[in-house]
Amino acid sequence: MRTAHRTCPLCEAVCGLRLTLDDTGHVTSVKGDPDDPFSKGFICPKGASLGRLDEDPDRLRVPMTRKGGEWREATWEEAFQAVDQGLKDVVDTHGRQALAVYLGNPNAHSMAGALYGPPLIRALGTRNVFSASTADQMPKHVSCGLMLGDPMAIAVPDLDRTDYLLILGANPLESNGSLCTAPDFPGRLKALRGRGGKLVVVDPRRTRTAALADEHLFVRPGTDAYLLLGIVHTLLAEDLTKIDVEVNGLEELRRLAMEFAPETVAQACGVPAGEIARLARELAAAPTAAVYARIGTCTAEFGTVAQWLVDVVNILTGNFDRPGGVMFAKTAVENGRRRRPYTTGRWHSRVRALPEANGELPVATLADEIETPGEGQVRALITVAGNPVLSAPNGPRLDRAFRDLDFMVCVDPYLNETTRHANVILPPPPVMRTPHYDLSLLFVAVRNYARFSPPVLPPEPGRPSEAGILARLTMIASGQGADADPDLLDEMILDRMLRKAVETPGSPVEGCEVAELRASLDGTTGAERRLDAMLRLGPYGLSLAKLLANPHGVDLGPLEPRLAEVLCTTSGRVELAPPPLVEDLARLRGRLAVPPAEMVLIGRRHLRSNNSWLHNVGPLVGGSNRCTLQINPDDVTRLGLGGHALVRSAGGELVVPLEPTETIMPGVVSLPHGWGHAGTAQLVAAEHPGVSANTLTDDSVVDIPSGNAVFNGVPVTLSPV
Ligand SMILES: Nc1nc2c(c(=O)[nH]1)N[C@H]1C(S)=C(S)[C@@H](COP(=O)(O)OP(=O)(O)OC[C@H]3O[C@@H](n4cnc5c(=O)[nH]c(N)nc54)[C@H](O)[C@@H]3O)O[C@H]1N2
Ligand SMILES: Nc1nc2c(c(=O)[nH]1)N[C@H]1C(S)=C(S)[C@@H](COP(=O)(O)OP(=O)(O)OC[C@H]3O[C@@H](n4cnc5c(=O)[nH]c(N)nc54)[C@H](O)[C@@H]3O)O[C@H]1N2
Ligand code: SF4
Ligand SMILES: [Mo]
């Protein structure tokens with residue numbers, strides 16, 4: 001028996017884990033690491049199942065290649081050769097724009113995804129870059145880019161110090177938090193109330209988070225922007241603002257908000273006018289306050305406008321960039337901010353002319369790009385850690401489109417709804433054999449913190465790490481063939497990074513010799529050496545060695561005001577009224593006159609699930625974690641429904657079991673996403689298949705400024721079966 005420690009990579013809470021392993025390497029127990037200064041022993045059922053997940057017999061251990069319907073195990077050499085040939089054939093015949101890449105959510109939870117995703121995209125040389133970001137948080141990036149100049153400058157609620165927290169469209173008691181890295185989110189919310197603070201939740205469902213709050217308000221799905229406009233209106237009309245950052249566009253904002261008095265928006269958003277005005281007054285009067293909005297408000301038709309207004313309220317109430325308000329983390333690998341003006345729409349998608357954002361095109365238009373003939377039609381797809389057949393809007397259409405591709409390669413541990421269309425599947429090793437550092441999540445942490453987890457078990461002989469797989473794909477994509485040495489990629493990137501650093505005035509290594517710096521780096525792999533370089537060049541002077549000496553993680557202190565370091569708009573001020581958002585507000589204003597749909601669909605998450613891919617772990621499926629349609633009992637009676645209903649939308653139809661509950665507002669139904677595993681090669685998941693919510697979502701509708709998919713507020717009709 002031995003004990004090992006590592007960070008849990010399953011959600012954004014980055015909990016430290018304490019693992020016990022026997023001498024065969026089998027994980028016998030997983031507990032929270034009480035010595036982790038950030039998570040302090042917190043763990044959830046998913047983290048506790050990490051050993052089971054790694055040992056899932058359905059996980060792929062060797063590459064798989066497909067000829068027609070026949071799967072065959074392949075050697076790594078054969079698999080990489082097949083990828084090289086498959087991509088070459090498509091590029092030679094159709095050019096590089098015929099390649100598309102889709103990066104899924106777990107890329108945000110792996111060192112490999114963060115370190116090798118960007119070079120892979122560059123090497124592919126295509127504009128057909130898609131990711132789960134446009135089914136998730138792209139509206140936040142776009143609003144932050146337009147207001148602050150940097151799409152990664154995302155302010156997080158200062159959970160541990162705030163006196164008043166208004167949560168819109170997030171359910172951290174199930175999700176454990178998102179774009180707000182905070183292990184033990186539930187404990188932090190209880191502590192907020194314990195110190196006399198107030199918690200208000202706005203959600204079309206009375207969630208577990210809402211049940212913990214002082215107050216819960218129902219909101220009609222997709223209408224948070226109206227509610228926020230009503231708050232902005234009140235703050236301005238009643239002179240409740242205390243702006244203490246330099247802003248541009250206040251007068252324009254005032255002019256725009258004039259039209260959205262609480263009385264004007266109340267009916268549309270379903271929150272009474274008096275309550276809207278009261279929320280505004282309470283936010284203004286609280287010693288400190290933070291508004292935090294997440295997926296319920298992002299994956300909606302006015303997602304970007306809503307994200308913008310969240311920060312507008314934080315600014316107007318004097319809570320932007322100050323303790324107890326919303327603040328910016330400073331990560332251990334931060335190395336200079338972008339200094340060019342932010343813009344979207346530098347290019348557009350071929351078929352629907354949707355604008356690029358952050359270098360990506362909307363996943364809602366991936367099927368269009370595959371199906372529509374003509375120059376630039378997508379003929380080959382690379383997916384890394386994604387399951388868009390279940391997670392993208394109108395998934396069944398993608399399912400059909402993928403069948404027609406000339407070539408598809410997936411980096412994924414499972415043969416699932418998406419990867420079954422691949423010609424080659426390249427499975428990464430299990431978590432226990434993978435190093436970990438949260439390059440993508442700590443920039444939205446509620447405390448500054450760093451932790452490196454070396455692999456708990458050694459690599460299996462002959463089996464590449466995920467970093468190694470992605471490096472080889474990058475070499476192949478850049479035309480260097482299947483045999484090229486992937487270490488060369490790391491060397492090239494390191495060289496560029498160090499060269500830039502020695503030339504940057506004020507950098508800790510200004511004027512040093514690149515070769516000497518290079519020789520001084522630690523790490524057993526290129527990925528680790530790159531991390532070491534990033535840590536050493538970062539603001540805390542950390543290094544891989546220092547983190548290895550602190551296996552429970554390093555606390556780097558509470559967040560501190562730092563807007564001046566973060567802000568990079570051309571004006572040097574925070575832009576309160578960016579033109580693309582003002583323009584979209586006109587679209588929102590037009591909607592006020594349109595009668596709402598009688599019944600709309602929203603999503604939800606469950607503590608023991610994780611998007612589409614933890615359904616093959618016995619202890620995590622079944623029980624209350626079920627793919628049911630939550631519906632208000634009044635609607636069941638009104639529509640004369642029984643145990644199941646036929647749900648129809650513009651996109652498709654499904655028969656689903658009903659879960660009548662008073663906790664959902666009338667006129668709204670909720671179905672979790674990530675289900676629909678019928679016929680999968682994952683044997684446990686196949687026993688609990690459920691249905692895919694994305695059969696009902698509509699890929700023809702997007703949030704205009706960001707191109708984000710719309711999962712909440714989807715019009716549906718229900719009838720008895
Ligand atoms: N209707 C509806 N749809 C939604 C949402 C919603 O709320 N409602 N939410 C959206 C959101 S927020 C997101 S983030 C997306 C997620 O969308 P995706 O990222 O496309 O889907 P996931 O289910 O997260 O799929 C993860 C895949 O990665 C694989 N995987 C797991 N670990 C690893 C690893 O370490 N390496 C590699 N290479 N692969 C790995 C899994 O086997 C699985 O195939 O779904 C979106 N879809
Ligand atoms: N257990 C678990 N944890 C997860 C995941 C998971 O699948 N399972 N997924 C991970 C991922 S990829 C992400 S992005 C995060 C997401 O983290 P959260 O944003 O906390 O996600 P949810 O738990 O889906 O909570 C969204 C809430 O929005 C509500 N909602 C729906 N429509 C609207 C609306 O129009 N307005 C408002 N105000 N509310 C609305 C829903 O009822 C729901 O309660 O969770 C991550 N963590
Ligand atoms: S809350 Fe998230 S990070 Fe923590 S143990 Fe659970 S899944 Fe892992
Ligand atoms: Mo997500």
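**Figure 1. The whole protein.** Of its 721 residues, 62% count as buried, meaning under 20% relative accessible area with a 1.4 Å probe and protein chains only, while exposed means over 50% and partly exposed is in between. This is a predicted model, so local features need pLDDT of at least 70 and side-chain atom pairs count only at pLDDT 80 or more, though totals for chains, interfaces and linings use all residues. Residues are numbered from 1 along each chain as its sequence is written, chains are lettered from A and ligands numbered from 1 in the order in which they are written, and side-chain values use heavy atoms, with hydrogens and water left out.

There are 26 helices and 30 strands, taken as DSSP runs (H or I, at least four residues, for helices; E, at least two, for strands) numbered from the N terminus. The radius of gyration is 25 Å, close to the 27 Å from the globule rule for 721 residues, so the protein is as compact as a globular protein of that length. That radius is taken over C-alpha atoms, and the rule is 2.2 Å times the number of residues to the power 0.38. Along the principal axes, the C-alpha atoms fill a box of roughly 65 × 65 × 55 Å.

**Figure 2. The largest nonpolar core.** A core here is a set of buried Ala, Val, Leu, Ile, Met, Phe, Trp, Tyr and Cys residues joined through side-chain atoms within 4.5 Å. This one has 155 residues, and Leu-148, Leu-426 and Tyr-437 touch the most other members. It draws at least three residues from each of domain 2 (64–136 + 342–557) and domain 3 (158–323 + 563–587), with bounds from an automatic or database domain assignment. A second, separate core of 29 residues includes Ala-100 and Met-408.

**Figure 3. Around Tyr-437.** Leaving aside neighbours within four places in sequence, Tyr-437 has contacts that include Met-111, Val-333, Arg-451, Phe-452 and Leu-547; contact means heavy atoms within 4.5 Å.

Figure 4. Most residues other than glycine have a negative phi. Asn-176, however, has a positive phi near 65 degrees, and Asp-184 has one near 60 degrees. Asn-176 sits in the loop between α6 (172–175) and α7 (185–194), and Asp-184 is also found between α6 and α7. Asn-176 is buried at 3% relative accessible area, whereas Asp-184 is partly exposed at 25%.
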